[in-house]
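Reader: Hi! Could you walk me through this one before I set anything up?
Author: Happy to, here it is.

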Amino acid sequence: MTLSKALKIAENEIKNLLNILNDSFQVFIPKLKEKTSYKFYEWDIYNNGDEFNIFIGVPKSSIKSFFFPQPETLFKFSIQKDTTALKEPEEENKRMLFGVRPCDARSIILNKLPYSEDSYYIKKTEQNIIIGLSCNERRNSCFCLWAGGSPMGTEGTDISLTLIDASFIVEAITERGGKIIETLGDKFPVASTSDIEKLNALRASYEKQRQSIPDPVKKIQDKNLLELYDKPLWNDVSLSCINCGICTFLCPTCYCFDIQDETSKGQGKRIRFWDSCMFPLFTQHATGHNPRGAKHQRVRNRFMHKLKYFPDRYNVFSCVGCGRCIKECPVNIDIREVLRDML
Amino acid sequence: MKNLYLSHSATIKDIIIETEDGNIKTFILELDDPEIRDNWKHIPGQFAMMSIAGMGEIPIGIASSPTEKDILSFTVSKIGVVTTELHNMKTGDKIGIRGPIGNGYPLKNQLKGKNILIIGGGYGFTTLRATIIYLIENRKDYNEINVIYGARNPGLLLYKKELEEWSKRNDINCHITVDREVPGWTGLVGFVPQILEKVSPESENSFALICGPPAMIKFSMPVLEKLTWHDNQILFSMENRMKCAAGVCGHCNIGPFYVCKDGPVITREKLKQLPTEY
């Protein structure tokens, strides 16, 4: 749903745009961080004048912490009375995430499927404005086309930026994105018809590429669940796994959580925070019985959930192909290989 | 938009010690908000999330029948953090209740007009108690009713008073058994599957509702198979660790099946198509 009016902003003027946006929103961008000799990009608050770097691939962390804060207060209670003497957390200011890659933006839409009735998540989707940034180059761990996305995808974004010939084409994707663009109309030139044609041609070429891949979701859906579950591949995949859970924490579409009570001096809160199906306690009953007590069962559950259970229910993988789990896995487990073996 | 995670305050009205060892108690509650109390509607087989502020939240099957007016009861075994705290609570104490949750037994649909076979073991009898009370209240809607319930010894049987009452009725056949002979016990002796074999309930036009320890279920299945029961006539009630109870948090899944949202009641036919992660 591309609105007719798009802007064209020169690459070196991007800071002007950020400074203007920073007046009305709390803007976050990926910032370069350095720890000893290790450099990486991480989401951080934009201050006027900060460098906005364009780099290949995605920041180290996904944007899910903006949607599921770690931890998130569900409600507060007073311990002298009862759990329902509660106060829901206050609303936060409107935030803007600037420079979100299409894979990360798409994760918002995928997570919304199971979270469709979760008021906390839905509120966050209303609070966070997403400014997407198309990928001109891909990292070797990227596989968004296989996961159903595109390097120029706009799903989940409000505004999409694409760098073509040293200028950003700024398109409105949603209505609220369009309203923001309207306010910028007198400050930046409008993109020409030929710019838009170029953009559309590029996007169409990716679409064609994706369609050349036989739909893996369809192929998986046609497979028998228990046959996939009983494949010997799970023993092979899990052999090297150390159940560290980094894949689940970095994954933009791993959305499982735990709920706990925290109390201090008679006041308490019920909080939820990220949990991981890689951990044995995740499924352990109070009796000690554990339905997924063995490592290979947990590894299998993670991949089966993303690549079989989820698509069976929602017709799409619970994976956007960002490649974080591939890049950061300490024992080099590669979800692309697992998918290939499942197919 | 409704908040899925808020619980309602409830007051403990009465506590009944069910078993000789004192490890299982029934808590009779009243929801504090009259509006919520009036709007509370559940089906036997459903559960609720019970919470104690500062301790946490757990899923517990509802032991009362919706036909018992203004009563909401839960039979709880002392086993983990929350249940231990609950067992230390007194009449008048407050807890949180969120529910009712999940799919109960299809008493208003498929089960109507059918012969009902209830098989329970140990403390897996709580939602079956709710079911039996409901069946008795709506007796004309169902055909023959058989109840087979067993425990290791008489001291571990739940709802003893009601078991006695039901045994006296002539509109339901109650078969209460204990594993081994005990002085003073005049009832049936033997494991549930053995009693099931003796009772030999007919499969035609029937449904079985089963809840109990895995061994009881395992050895009851060949008996039902021999009696030509089909897998879609056999209903189980599942349990797994749970957090959100809304099909989101990912804890209770048996493959693609969320016990909280898609269950807890499931046919044997459906269960056979799922991984054995329970």
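This is a predicted model: local features need pLDDT of at least 70, side-chain atom pairs count only at pLDDT 80 or more; totals for chains, interfaces and linings use all residues.

Reader: Which residue does Lys15(A) form a salt bridge with?
Author: Glu51(A) is the partner of Lys15(A), with the closest N and O atoms 3.0 Å apart. The pair links distant parts of the chain, 36 residues apart: Lys15(A) is in helix H1 (residues 14-24) of chain A, and Glu51(A) is in the loop between strand E3 (38-45) and E4 of chain A. Helices (H or I, at least four residues) and strands (E, at least two) are DSSP runs, numbered from the N terminus.

Reader: Is Lys15(A) partly exposed or buried?
Author: Partly exposed, at a relative accessible area of 26%. The cut-offs are under 20% for buried and over 50% for exposed, with partly exposed in between (1.4 Å probe, protein chains only).

Reader: What about Lys198(A), which side chain does that meet?
Author: Lys198(A) meets Asp165(A) in a salt bridge of 2.7 Å, N to O. Lys198(A) lies in helix H6 (residues 193-211) and Asp165(A) in the loop between strand E7 (159-164) and strand E8 (167-172) of chain A, so the pair ties together parts that are 33 residues apart in sequence. Lys198(A) is partly exposed at 45%, whereas Asp165(A) is exposed at 56%.

Reader: Which residues share salt bridges in one network?
Author: Glu72(A), Asp118(A), Lys124(A) and Arg272(A) are joined into one network by salt bridges that share partners.

Reader: Switching topic: how many residues are in contact between chain A and chain B?
Author: 48 residues of chain A are in contact with 43 residues of chain B, contact being heavy atoms within 4.5 Å. The area buried between the two chains is about 3600 Å², and carbon and sulfur atoms give 56% of that. Buried area here is the accessible area (1.4 Å probe) that two parts lose on being put together, summed over both.

Reader: How many salt bridges are there between chain A and chain B?
Author: Four. In one of the salt bridges, Arg292(A) pairs with Glu277(B), with the closest N and O atoms 2.8 Å apart. There are also 22 residue pairs in polar contact between chain A and chain B, both residues at pLDDT 80 or more. A polar contact is a pair of N or O atoms within 3.5 Å; within protein, one must be able to donate a hydrogen and the other to accept it, and residues adjacent in sequence count only if both atoms are side-chain atoms.

Reader: Which elements of chain A touch chain B?
Author: Among those supplying at least two residues each are strand E4 (72-78), helix H3 (119-127) and helix H11 (295-314) of chain A.

Reader: What caps the N-terminal end of H13(A)?
Author: Asp334(A) does, with a side-chain oxygen 2.8 Å from the backbone nitrogen of Arg336(A).

Reader: Last one: where are the cis peptide bonds?
Author: One joins Gln70(A) and Pro71(A), with omega about 0°, and Pro71(A) lies in the loop between E3 and E4 of chain A. Another joins Gly263(B) and Pro264(B), also with omega about 0°.

Notes:
Residues are numbered from 1 along each chain as its sequence is written. Chains are lettered from A and ligands numbered from 1 in the order in which they are written. Side-chain values use heavy atoms; hydrogens and water are left out.
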